[in-house]
Amino acid sequence: MIQGHGDDIYNYKDIRANFSSNINPEGINPALISHLYEHINAITNYPSPLAENLRDKISELKKIQAESILVTNGAVEAFYLIASLRPGASSVVYIPSFSEYEDACKTYNHKIEYRNNNNFSKNENFINNDMVWLGNPNNPDGKVFSSESIKELTGKFTKTIFVIDEAYIDFIANAVSFAQEASQINNLVVVSSLTKKYVIPGLRLGYLIGHPNITEIIKHKLMPWRISSLAIEAGLFCLSDETNNPFRVDKWLKESKRTQEAIDDLEGFNVLPSETTFFLVKS
């Protein structure tokens, strides 16, 4: 992503519409903007070193022990931190997928094996792999991997760390999260994002959930004050304002399906069916 990203609009002139970032179509909550204006003085003080106050709020909402949660500078930082657990590892990346899985692995000299999303099943073999990276739902094609298969595979390959990116978990119906399982077993880490649903990608805010044995190792790799005071303030507000600003996912899933079908009817375009608000088109 360092070499270029669809949302790097600062590199271009006269952008009329930006479809490159998969965020909540509702747009940012005006109440959040007002809240940040009112709390702008937060930037005059250092934030909590590891954003412990936001971590505790996530712990309360998710009903997961605080020791299993680490707030990160966006979900992307979490990928790099997880990859650093096993330098030189053998990683499986399912494609198409978010390029930062690959980039994080390359940064720590992982040997990457690429597998096709469509071939994923409970029969996958990871006996020689140290890590497996899955977006669930997956970006950019909107594929949802079988939760039953993931459960079976994590139980079968206990020496392999499964990294489940749930940045878009709010963008599907009947979502199955692995956050609880990740806090309890040693070979599963869940990454989440606060930037997609709440439309704050510029604030860089996410978190990872893992067994305390894993999070304790990662914690010692962290610099203090990585999460800004304003980002923490935004996170606390968003997580406390759920009932006042609900994400109407059913509305956008219906619109997504309509748009997928309309584009697929056009000559020269083939839509990969997606269960999310976003989808991938071949032309």
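This is a short tour of a predicted model, one selection at a time.

**Stop 1: a patch on the surface**

Select Ile28, Ile33 and Tyr37. Together they form a nonpolar patch on the surface, with about 310 Å² of accessible area. Isoleucine 28 counts as partly exposed because its relative accessibility is 32%, between the 20% and 50% limits.

**Stop 2: the nonpolar cores**

Select Leu54, Tyr94, Phe126, Leu134 and Ile209. They belong to the largest nonpolar core, which has 39 residues, and they touch the most other members.

A second core is separate and holds 23 residues. To find it, select Leu70, Ala104, Ile112 and Met131, which are among its members.

Go back to tyrosine 94. Which residues does tyrosine 94 touch, not counting those up to four places away in sequence? They are Arg115, Asn116, Asn117, Phe120, Glu124, Phe126, Val132, Trp133, Leu134 and Phe145.

**Stop 3**

Select residues 69-72, strand β1. Look along the strand. Ile69 and Val71 point one way, while Leu70 and Thr72 point the other way. All four positions are buried. Why the two directions? In a regular strand, side chains alternate between the two faces of the sheet.

β1 and β7 pair in the antiparallel sense, over four bridges. Zoom in on isoleucine 69. Opposite it, in β7, stands isoleucine 209. Isoleucine 209 was also on the list of core residues at Stop 2.

**Stop 4**

Select lysine 111. It belongs to strand β3, residues 111-116. Is lysine 111 buried or exposed? It is exposed, because its relative accessible area is 64%, over the 50% limit. Leaving aside neighbours within four places in sequence, lysine 111 contacts Ala89, Ser90 and Ser91.

Select glycine 135. It belongs to strand β4, residues 131-135. Glycine 135 is buried, because its relative accessible area is 2%, under the 20% limit. Show its contacts, again leaving aside neighbours within four places in sequence: Tyr101, Lys143, Phe145 and Asp165. Then draw a line to threonine 259, 124 residues apart along the chain. The C-alpha atoms of glycine 135 and threonine 259 are separated by 23 Å.

**Stop 5: two cis peptide bonds**

Select isoleucine 95 and proline 96. The peptide bond from one to the other is cis, with omega near 0 degrees. Proline 96 lies in the loop between β2 (90-95) and α4 (99-107).

Next, select asparagine 139 and proline 140. A cis peptide bond joins them too, with omega about 25 degrees. Proline 140 is in the loop between β4 and α5 (147-156).

**Stop 6: two positive phi angles**

Select lysine 63, in the loop between α2 (52-62) and β1. Its phi is near 55 degrees, a positive value in a residue other than glycine. Lysine 63 is exposed, at 69% relative accessible area.

Finish at arginine 204, in the loop between β6 (188-193) and β7. Arginine 204 is not a glycine, yet its phi is positive, at about 55 degrees. With a relative accessibility of 28%, arginine 204 counts as partly exposed.

Definitions and conventions: Residues numbered from 1 in each chain as written. Predicted model: local features only at pLDDT ≥ 70, side-chain atom pairs only at ≥ 80, totals over all residues. Heavy atoms only, no water. Patch = residues over 30% accessible without salt bridge, like charges linked within 9 Å, V, L, I, M, F, W, Y side chains within 5 Å. Areas by Shrake-Rupley, 256 points an atom, 1.4 Å probe, with all protein chains shown as cover. Salt bridge = Lys/Arg side-chain N within 4 Å of Asp/Glu carboxyl O. Buried < 20%, exposed > 50% of the residue type's maximum accessible area, 1.4 Å probe, protein only. Core = buried A, V, L, I, M, F, W, Y, C linked by side-chain atoms within 4.5 Å. Contact = heavy atoms within 4.5 Å. Pairing = 2+ DSSP bridges.
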